[in-house]
Amino acid sequence: MCPPSFSITAFTRFLKLAQNTPPPSNAHTLTKCHVCFCFSRQARIKTAKRRVVMASLYLGTGQLEQELVDCMEEALVRSQDSAHTPDLRVSILLDYTRGSRGQVNSRTMLLPLLQRFTSQMRVSLYHTPDLRGLLRLLVPQRFNETIGVQHIKAYLFDDSIIISGANLSDSYFTNRQDRYVLLENCREVADFFSELVDAVGDVSLQLQPDDSVTMMEGMVHPYKGNRQDFSAVARKRIMEVLNTAQIRQQLSGRSEDSEDEGMSEGEEDTWVFPLVQMKPLGIQVDEQVTQRLLTDAGPDSTVFLTSGYFNLTRTYMRMVLGAGASYRILTASPEVNGFFGAKGVAGAIPAAYIHIARQFYKQVCQLGQQDRVHLHEYQRPQWTFHAKGLWYYLQGQDRPCLTLIGSPNFGYRSVHRDLEAQIAIVTENEELQAQLQEEQEVLYQSSTEVSTSTFERPDRHVKLWVKLVTPLIKNFF
């Protein structure tokens, strides 16, 4: 339980206790980046001098995505035209299954760049080790990503980085609601995510100029090689990044202590903790930290939690229902669910989420927790909802002191199947707290609170077959 005296300093200590969590970095500048998401990335790609590193589920194939590719081409041409040896390097990490879907796909979008700038360009396609053998042959292309994907969303330009839940797709540039945070000139965090993307890239399939894929020498193939061998090699490579970050931060801390001896304490007011979750590879830092946060949330604290796909794991659900903190949970209404109106079986997914939400709300009511746990639905005409994360408020505070932002959805897939990463931002900075509060308010202002009558409406009716199938498939979406 979280005592009333629980402070920001205690928060930083608590987060550092999580096994293998890279120590925090001080954030120089953090700003929200929503409407300008596309244009900010384009501008930063054009001005990048050393590195452009982008991790996403996939790259879309529309006009806006092509403009993003054109920006990369412009930056690479500029670097080659410079008087010195080209320094700019571009590294793209995508999911293999999602990035290879269809005749025109992420791979075909990037091939011209790879063919022209082979020495400066790297495209890595992560393939889950769980999609193999007969399963890989039988699962249709449209559904093979349900087995597991590369889900990290990080966009890095020299020493600045955007952490988000958004993919490189036109809808996120226009009318798909997500969250974005820009860490300006924050080299420690940028270096960490650059090295993390490199590590995942090393154990991924490498796209070649002829559209074939190969593995790096010494690496185990994700679906042709032994499953345990792949996971062991991948875990070792990625843990090198986490462990190196810890050592680097410890050495940096000792150096700063000796240099700053005699200076007043408490000058830093914001800390950034990278959190990584890769359960298929035996890495579960984010899960540990999230569980600790939900467990220690005290009766006088408040948690605003949002997920575009509300499907909490049993453990998270048990912690929310059994904790003392007040919760306001925001999820997508059926109309703003990304699968609303989809053809075939996918079109029933919003109804499955209605069923899951109804079961959760029923438990809240049965436990008499309606005054403590509130469920909200995001509603906005012509938009879809994809935001995820949480905001944590200490006792008596009207602004959050902590937020989680990144790719995890708090569901089974995020914890057990996919590669995920997010950051925990802990801050005492009043200006930043105000920005986080404004972000939270904007999202929740476009929502309505769920009640028993919500599920009695005709548009919330769930067909019997969906109710029967949902328990069987809920761990895949």
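Predicted model: local features only at pLDDT ≥ 70, side-chain atom pairs only at ≥ 80, totals over all residues.
The protein contains 15 helices and 21 strands. Of its 477 residues, 57% are buried. The accessible surface amounts to about 20400 Å². Carbon and sulfur atoms account for 50% of that surface. Contacts were also sorted by separation along the sequence. Among those between residues at least 6 apart, 80% join residues at least 24 apart.

Empty space inside the model was examined next. Rolling a probe the size of a water molecule over the atoms shows where empty space is left. A search of the whole structure gives 3 cavities of 30 Å³ or more. The largest cavity holds about 120 Å³ of space. Its lining consists of 14 residues. T331, A332, Y353, I354 and A357 are the lining residues nearest the centre of the largest cavity. Two elements, β15 (326-332) and α12 (349-366), each supply at least two residues of this lining. Helix α12 provides the largest share, with 4 residues. By class, the lining comprises 9 nonpolar, 4 polar and 1 charged residues.

The loop between β15 and α12 includes N337. N337 is buried because its relative accessibility is 4%, under the 20% cut-off. A polar atom of the N337 side chain lies 2.8 Å from the backbone nitrogen of F339. Beyond its neighbours within four places in sequence, N337 is in contact with Y309, A332, P350, Y353 and T384.

The side chain of H221 has a polar atom 3.3 Å from the backbone nitrogen of Y223. H221 also contacts R132, L205, M215 and F230, with neighbours within four places in sequence left aside.

Two buried strand residues were considered in turn. T427 belongs to strand β20 (residues 420-427). Its relative accessible area is 0%, so T427 is buried. The side chain of T427 takes part in two polar contacts with backbone atoms. One is with the backbone oxygen of D269, at 3.4 Å. The other is with the backbone nitrogen of N429, at 2.9 Å. T427 and V272 are 155 residues apart along the chain, yet their C-alpha atoms are separated by 8.7 Å.

G389 lies in strand β18 (residues 389-393). G389 is also buried, because its relative accessible area is 0%. Residues up to four places away in sequence aside, G389 touches R179, F304, L305, T306, L404 and F410. The C-alpha atoms of G389 and G165 are 9.0 Å apart in space. In sequence, G389 and G165 are 224 residues apart.

N185 sits between β9 (180-184) and α8 (187-202). Its phi is near 50°, a positive value in a residue other than glycine. Q382 is found in the loop between β16 (373-378) and β17 (384-385). Phi of Q382 is also positive, at about 70°, although Q382 is not a glycine. The relative accessible area of Q382 is 69%, which is over 50%, so Q382 counts as exposed.

Definitions and conventions. Residues numbered from 1 in each chain as written. Heavy atoms only, no water. 1 Å grid on protein atoms, 1.4 Å probe; cavity = no way out; pocket = protein on both sides within 12 Å on 5 of 7 lines; lining within 4 Å. Points joined across faces, edges and corners; volume = space filled by probe spheres on them. Nonpolar A, V, L, I, M, F, W, Y, C, P; charged D, E, K, R; others polar. Polar contact = N/O pair within 3.5 Å; in protein donor to acceptor, adjacent residues only side chain to side chain. Contact = heavy atoms within 4.5 Å. Buried < 20%, exposed > 50% of the residue type's maximum accessible area, 1.4 Å probe, protein only. Areas by Shrake-Rupley, 256 points an atom, 1.4 Å probe, with all protein chains shown as cover.
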